[in-house]
Amino acid sequence: MIRKTYLPGATIFFEGQPADCAYIVERGQVEICAVRDRTHITLATLGQGEIFGEMAVLDDGVRSAEARAVQETEVLIIRSDQLRRRILEAEPIVGQVLSSLIKRFRQAQTGLLSDLPTRMGTSHVVMPNANCDEIGSSGAALEWLLREYDLERGLAACEFVPFFQPIVMIEDRSIAGFEALARWRHPERGLVPPSEFIDLGERCGLIRHIDLAIIAEACRLLRQATPVGATPFLSVNLSAQHFTDFGVVASLSKILSDTGFDPAHLKVELTETALVQDPRKAHEVLTQIKGLGVTIALDDFGTGYSSLSYLHSFPFDVLKIDQSFVRQLGKPGRTHDIVETIIMLANRMGMLVVAEGIETPDLIPPLQQLGCTFGQGYHYSRPVPASELAGLLAR
Ligand code: C2E
Ligand code: CA
Ligand code: CA
Ligand code: CA
């Protein structure tokens with residue numbers, strides 16, 4: 001559940017209760033309170049946009065105070081796994097600072113609460129917000145949370161669909177294969193491009209699910225649209241997060257058997273980011289993927305690290321040269337020489353080369369002359385929905 005409504009006076013959590021989520025007030029008012037020696041102590045009163053209950057979630061503890069609705073109140077629930085993942089993904093130092101802050105808060109609060117009733121001697125005490133560990137403040141938090149829930153919802157509703165962009169033989173413009181590119185058919189926002197959800201998917205750990213949903217659907221749709229005899233390949237994108245364990249191997253294997261897609265016609269594209277964190281693991285994962293009969297393409301070559309050492313130490317079959325490089329072809333300058341050298345090197349190492357981002361025909365003669373096999377770009381075709389696949393293939 002994402003949202004919950006509480007009636008006036010209702011308890012949101014009790015003191016001592018194990019914590020599995022934090023809250024953001026969307027509407028209404030929440031009181032954070034504790035009872036000591038039968039004295040009701042109001043630690044804070046929170047309104048719209050404020051976050052509470054996050055500390056106990058972060059240190060896996062129990063609630064150190066009670067939260068109750070003052071008026072009818074609507075809260076947005078942040079699950080503890082959502083919160084913790086973000087801490088784990090942050091710099092190690094951030095995690096350390098945070099846990100030491102939590103410890104200090106806990107100590108301060110224990111002291112404060114045990115002192116208070118005797119010190120103040122009243123039956124109702126109001127404290128400033130700052131000293132209670134069940135309270136924080138937020139504005140942007142609401143934004144990421146809502147977007148993350150929306151992404152989760154979209155995945156469950158199968159709103160992520162592949163578009164297909166032809167990859168052609170430069171020699172004769174015939175279609176050799178397609179790259180599946182994710183699009184989000186959003187019920188309110190319309191067709192959303194990857195630039196607006198890939199980052200978010202990577203941050204909240206849902207990117208692997210998106211990738212696999214796209215791959216499965218692309219295999220199914222391309223198989224459906226392909227006339228008997230024609231064998232275009234399918235190139236799919238794998239985020240770097242797949243290369244930390246072997247889960248992706250089993251997932252790909254299952255997709256291949258479920259859809260009946262020929263593994264020899266599947267290529268997975270990855271960027272160098274997938275290799276740098278744990279090169280040995282990445283190498284093993286790639287080797288197992290190749291064991292399925294699938295081929296491997298290194299994407300966006302020319303951006304990022306572009307270390308030549310990767311080229312000979314990983315089993316790539318295809319090298320995709322990034323559009324920023326391809327555009328320089330034919331222009332005077334060193335980039336032209338670099339592209340030329342990359343293509344020659346790749347060919348020498350037995351890799352096929354795809355030039356990405358071909359927007360104009362003037363790039364074709366130099367690419368052909370340099371021995372580049374495949375081309376991809378708006379000049380040939382934009383990415384199209386599956387409904388246009390058959391038309392492209394009949395062309
Ligand atoms: P990419 O893998 O490098 O894909 C090529 C991008 O260049 C696509 O953008 C494509 O539409 C665009 N493109 C193709 N030809 C041309 C051209 O001639 N000119 C220009 N200016 N652009 C061209 P798109 O579809 O917006 O995807 C952007 C990026 O999002 C992809 O870059 C890829 O990194 C990522 N992405 C897309 N789908 C997936 C997916 O299913 N999983 C993952 N992990 N990433 C994906
Ligand atoms: Ca790609
Ligand atoms: Ca690319
Ligand atoms: Ca790219």
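Strand β12, helix α6 (207–225) and strand β16 (295–301) each supply at least two residues of the shell around ligand 1. Helices (H or I, at least four residues) and strands (E, at least two) are DSSP runs, numbered from the N terminus. Strand β12 gives the most to this shell, with 4 residues.

This is a predicted model, in which local features need pLDDT of at least 70 and side-chain atom pairs count only at pLDDT 80 or more, while totals for chains, interfaces and linings use all residues. Residues are numbered from 1 along each chain as its sequence is written, chains are lettered from A and ligands numbered from 1 in the order in which they are written, and side-chain values use heavy atoms, with hydrogens and water left out.

**Ligand 1**

Around ligand 1 there are 22 residues, of which Ala 182, Arg 183, Asp 211, Glu 359 and Tyr 378 come nearest; a residue is near a molecule if one of its heavy atoms lies within 4 Å of it.

| Side chain | Atom of ligand 1 | Distance |
|---|---|---|
| Glu 179 | oxygen | 3.2 Å |
| Asp 300 | oxygen | 3.1 Å |
| Arg 327 | nitrogen | 3.4 Å |

On its own, ligand 1 has 800 Å² of accessible area, and the protein covers 81% of it. Accessible areas come from the Shrake-Rupley method with a 1.4 Å probe; for residues, only the protein chains shown count as cover.

**The calcium ions**

Which residues coordinate the calcium ion (ligand 2)? The donors are Glu 179 (OE), Asn 237 (OD1), Glu 269 (OE) and Asp 299 (OD), at 2.1 to 2.3 Å. Donors are N, O and S atoms within 2.8 Å of the metal (3.2 Å for Na, K and Ca); water is not among the atoms, so sites may look incomplete. Along the sequence, the donor residues of ligand 2 follow the spacing E-x57-N-x31-E-x29-D. Distant parts of the chain are linked here: Glu 179 belongs to strand β12 (residues 175–186) and Asn 237 to strand β14 (residues 233–237), 58 residues apart.

Asp 299 bridges the calcium ion (ligand 2) and the calcium ion (ligand 3), which lie 4.0 Å apart.

Glu 179 counts as buried because its relative accessibility is 4%, and Asp 299 is buried at 6%. Asn 237 is partly exposed, with a relative accessible area of 26%, and Asp 300 is partly exposed at 26%.

**Helix α2**

Gln 82 is placed in helix α2 (residues 80–89). Its relative accessibility is 0%, so Gln 82 counts as buried. A polar atom of the Gln 82 side chain lies 3.0 Å from the backbone nitrogen of Arg 79. The side chains of Gln 82 and Tyr 149 are joined by a polar contact of 3.3 Å. A polar contact is a pair of N or O atoms within 3.5 Å; within protein, one must be able to donate a hydrogen and the other to accept it, and residues adjacent in sequence count only if both atoms are side-chain atoms.

Arg 84 is also found in helix α2, and Arg 84 counts as partly exposed at 27% relative accessibility.

Notes:
Buried < 20%, exposed > 50% of the residue type's maximum accessible area, 1.4 Å probe, protein only.
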